[in-house]
Amino acid sequence: MTRDPAVVDGRRAPARGAFRGLDAAAYAAVGLSAALTVLIGLLGPSAMVPALPGPAWQPPYSLGVRPDGHLVIAMAAAAIVLGGLGLAGALRARSGPAPRLLLVAGCAVAGLLAFLPPSGSADHLNYAAYGRLAALGLDPYAVTPAELPADPVTGAVEEWAGVTSVYGPVATAVHALASLIGGDSVRLTVFAMAAFNAAAFIGTALLLHRFTRADAGLSRRAALLWAANPLMLYHLAAGMHVDTLAVACMVAALVAHAAGNAARAGAVPAGVAGPGGPAVPVGSDGPGGGWRRAGSGVLLGLGIGVKLNAGLVALGPAWELRRSPRRLAVVAGAATATVLLTYGLAGPHVLDQVGAASKKVSLATPWQLAKTGLQAAFGPGAYSSWIQLGSMLLLACLAWLVLRATPRATAPAVSAALVAAWLFAAPYALPWYDGLAFALLAMAAGASWPALETFVLARTAVLSLGYLPAREAMRPADLLWLKTLIRERVVPWSLLALTLALAWWAARAGARARRRSASAAPRP
């Protein structure tokens, strides 16, 4: 069947030339946002960019002009606002650059950012410290960076110096390798981690492009949601968060899962109809399908080895394989064995900080409002169990509603719905966590729904504004309101409104989908 060129992603395009000016403005905003992100790093240490001790000739490099805090915070805010608005417009544009051009441009920016100092947070200093501890033969899950204050790498930590690692053993192994490369130099250690991060970001972009290459509209959408996504360039490429590694593993796992579903040589991934062949049914394995499923399971286990919450992605393939116990056992067995091996090798303290972190509430989530109210009513410490219970109930409710609204329940679509529900329900969430949702939405080829993309995009942009600046210690005194007003009040209430709107939309969309299904069913 030939695809209607006037229909993109299930939506009819306007006539040729319509809205071309608005389309150009949207892409211009995306480009300007990415340019501001690059410029923030290029200017060097500031309220947005932590300093990196080490020889100046070593990468990453910057101009070292030490710009005023007001300037770089304003630049970051502009990058977020322009990026959010521009991406929203570009996703709905009917004209624009070719998918491959977007892919190349996004990957080029990500590669450039690896040579600039990380910006947007100071987490990379913690990564370097935990990797240093592991390289020295110490257990980062039992020893804190503060216990080695004289060490040039662990002593450079700005925040959370007295906290053991919360990251998975696979992430720690990557950071330890970077530490072996960087030695006593914080600068070179961070650059090694940035190189791994850029490779993961670019590798994910290439996998998404390959996964959707049979359809130009889907391929462009995938490039916008990941490679050329200005908010992901801001958080994951420039911010260098460990989430990039988890996303890379999970995307690779889903690609391997789709390859395992191939019914014959030359068929396209499951759920994608195009010139390469029809959509492939789940029930058939092509040559090497079993090995691909085992590989998918290993990759799922590695992603969980980076961050535990990435394990939600595994429920997508499990849903698709629920009627095939043998194939499900292969994937689940490989994933479980990988998780047990990686976490087992990490030692008995690997989950200590994860347990403590599960009880935390971040300032910018709606649960902070609930925490304040519970503490006022019942005293300090009375909120933890109630918020944990409430968040689990909200997660279950949102997941059910969003899944009912899913146009086509492919593995990536189911995973995307579950991850989106978790992001909106979690008591502790940061904007860079959203990278996993964007990548999964990019993979939901043939099952995309613009409303969910919009909700995730709005959440990321709003939450990003709540975490300015990157370095609390370097925030100008007259900008304290960024924390007390924006982060603690405006953002939580805004996210609460978004969560309620998401539930309302999903309930209505699910009901409409059920009515259409019932009307299409043959009558006795």
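Trainee: What makes Arg322 count as lying over the face of Trp319?
Mentor: This is a predicted model, and in it Arg322 is 3.9 Å from the ring centre of Trp319. The cut-off is within 6 Å, together with an angle within 35 degrees of the ring normal, so a charge that meets both is said to sit over the ring. The charged end of Arg459 sits over the ring of Phe424 as well, 5.9 Å from its centre.

Trainee: Why is the aromatic pair of Phe115 and Phe191 called tilted?
Mentor: The planes are 55 degrees apart. Under 30 degrees would be stacked and over 60 edge-to-face, so the pair falls in the rest, tilted. The centres are 5.2 Å apart, and the limit for pairing is 6.5 Å.

Trainee: Is Phe191 buried or exposed, and how do you know that?
Mentor: Its relative accessibility is 17%; buried means under 20%, so Phe191 counts as buried. Phe115 has 42%, which lies between 20% and 50%, so Phe115 is partly exposed.

Trainee: What makes Phe455 and Trp505 a tie between parts of the chain?
Mentor: Phe455 lies in helix α18 and Trp505 in helix α19, so the pair ties together parts that are 50 residues apart in sequence. The centres are 6.0 Å apart and the planes 45 degrees, which is again tilted. Both Phe455 and Trp505 are buried.

Trainee: Which residues of the largest nonpolar core touch the most other members?
Mentor: Trp505 is one of them, and Met48 and Trp226 are also among them; this core has 143 residues. Helix α16 gives the largest share, 12 residues.

Note on methods:
Residues numbered from 1 in each chain as written. Predicted model: local features only at pLDDT ≥ 70, side-chain atom pairs only at ≥ 80, totals over all residues. Heavy atoms only, no water. Core = buried A, V, L, I, M, F, W, Y, C linked by side-chain atoms within 4.5 Å. Buried < 20%, exposed > 50% of the residue type's maximum accessible area, 1.4 Å probe, protein only. Helix = DSSP H or I, 4+ residues; strand = E, 2+ residues; numbered from the N terminus.
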